[in-house]
Amino acid sequence: MTPKEDILVSIITVCYNSSKTVEDTIASVLSQTYPKWEHIIIDGGSSDNTIAIFKKHENAYNGRLRIYQGPDKGIYDAMNKGIEKAKGIIIGIINSDDWYAPDALEKVVGAYQNQHNEEAIITGGLNRVRDGIIIYNQMHSEITLQGLKKGMPLQHPAVFVTKKVYERIGTFDLTFPHIADYDFIWRCYEDGNISFFFVDSVVSFMREGGASDCLSWKHIKSRAVERYRLRKKYLSKREAFCSSAFFFVKEYCFQITKKLIGTENIRKVYNLKHHAKA
């Protein structure tokens with residue numbers, strides 16, 4: 001196993017016109033208690049001052065910042081480009097409206113050092129934030145087939161994957177434009193040779209309002225269809241259809257409810273969703 005002081009962590013941030021939120025992401029990376037990391041920026045051609053904000057902090061990065069600009073085929077294509085460029089043993093992907101806890105990398109590297117499989121996925125807890133208020137905490141301690149049947153079992157901004165996993169299993173499948181991370185985790189679980197490790201603390205924060213947080217009949221239908229295509233690779237067509245149809249109904253009701261109530265009450269909605277996850 002590589003000595004702790006030699007473990008480089010690659011942090012990938014995909015961005016596009018992210019000037020309103022990216023300062024939080026940058027600050028969280030620069031404040032990490034673990035010092036051996038690189039920050040890879042994959043920008044889809046921002047027309048605002050997103051890149052200028054990164055460059056404003058370039059001296060603070062002390063040579064650990066790499067910026068790449070150019071068109072992409074969507075968020076997962078951009079993530080794949082970042083993975084290809086990553087030099088680290090461990091890779092984390094944090095979006096430009098999310099941020100890490102200060103000791104996130106310290107906890108993840110420590111968990112990696114305590115096991116003996118170089119093909120590993122390490123994940124911790126995630127806090128969902130709306131209007132500056134933490135509305136829901138999501139912690140995980142295991143990954144099971146039953147959990148995968150219900151939905152994406154891990155929170156992507158809190159997931160760290162070793163480079164060796166991507167090299168053997170592959171990166172994100174672009175035929176799943178909404179749930180390629182779900183597909184990737186299921187592939188890793190199905191493989192049977194990849195270890196999953198869980199950090200018992202919050203490692204990341206996710207701001208509400210991302211691509212999947214949308215009240216659109218067509219958008220939710222598209223996500224449900226993708227779930228069906230994914231699930232039928234591993235489940236019976238009947239089970240795949242029923243679980244995906246239930247997801248559509250539940251998610252549509254969930255998004256409507258969120259539009260109608262205040263931030264404080266959304267905490268209760270998330271708790272209800274947690275108990276009926278699909």
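1. Tyrosine 76 and phenylalanine 172 are both buried (buried is under 20% relative accessible area, exposed over 50%, partly exposed in between, with a 1.4 Å probe and protein chains only). The model is predicted, so local features need pLDDT of at least 70 and side-chain atom pairs count only at pLDDT 80 or more, while totals for chains, interfaces and linings use all residues. Numbering starts from 1 along each chain as its sequence is written, and side-chain values use heavy atoms, with hydrogens and water left out.

2. Aromatic pairs. The count is 10 (ring centres of Phe, Tyr and Trp, the last by its six-membered ring, within 6.5 Å; planes under 30 degrees apart are stacked, over 60 edge-to-face, the rest tilted). Tyrosine 76 and phenylalanine 172 make a tilted pair, with 5.4 Å centre to centre and 50° between the planes. This pair links distant parts of the chain: tyrosine 76 is in helix α4, phenylalanine 172 in the loop between α7 and α8, 96 residues apart. One aromatic cluster is formed by Tyr76, Tyr166, Phe172 and Phe184.

3. Overall fold. The chain has 11 helices and 9 strands (DSSP runs numbered from the N terminus: helices are H or I with at least four residues, strands E with at least two). Of its 278 residues, 50% are buried. Among contacts with a separation of 6 or more, 80% are between residues 24 or more positions apart (contact means heavy atoms within 4.5 Å).

4. Helix α4. Its buried residues include Tyr76, Asp77, Ala78 and Met79. Asn80, Gly82 and Ile83 are buried there too. Their cover includes strands β1 (9-15), β2 (37-43) and β4 (90-93). Helices α7 (163-169) and α8 also contribute.

5. Lysine 81 pairs with aspartate 77, the closest N and O atoms being 3.9 Å apart (the rule is a side-chain nitrogen of Lys or Arg within 4 Å of a carboxyl oxygen of Asp or Glu). Both residues lie in α4 (residues 75-85), 4 residues apart, about one turn of the helix. An α-helix has 3.6 residues a turn, so residues three or four places apart point the same way. Lysine 81 is partly exposed at 30% relative accessibility. Aspartate 77 is buried at 11%.

6. Other salt bridges. The structure holds 10 salt bridges. Lysine 233 bridges to aspartate 183, with closest N and O atoms 3.0 Å apart. Lysine 233 lies in the loop between α9 (217-231) and α10 (237-260) and aspartate 183 in helix α8 (residues 180-191), so the pair ties together parts 50 residues apart in sequence. Lysine 233 is partly exposed, at 44%. Aspartate 183 is buried, at 0%. Glu119, Arg168 and Asp191 are linked in a salt-bridge network.

7. Lysine 107. What does lysine 107 join? It forms a salt bridge with aspartate 103, at 3.2 Å between the closest N and O atoms. The side chain of lysine 107 also makes a polar contact of 3.3 Å with that of serine 201 (N or O atoms within 3.5 Å; within protein, one must be able to donate a hydrogen and the other to accept it, and residues adjacent in sequence count only if both atoms are side-chain atoms). Lysine 107 is partly exposed at 33%, as is aspartate 103 at 26%. Serine 201 sits in strand β9 (residues 195-207) and is buried at 15%. Beyond four places in sequence, serine 201 touches Lys107, Gly124, Gly125 and Met139.

8. Tyrosine 68. Its place is strand β3 (residues 65-69), and tyrosine 68 is partly exposed at 27%. Side chain to side chain, tyrosine 68 makes a polar contact with arginine 66 at 2.7 Å. Not counting residues up to four places away, tyrosine 68 touches Ile40, Ile41, Ile42, Asp43 and Lys85. Tyrosine 68 and lysine 81 are 13 residues apart in sequence and 9.4 Å apart in space, C-alpha to C-alpha.

9. Cysteines. How many disulfides does the search of the whole structure find? The count is 0 (a disulfide is a pair of cysteine sulfur atoms within 2.5 Å). Cysteine 15 is buried at 3%, whereas cysteine 242 is partly exposed at 40%.
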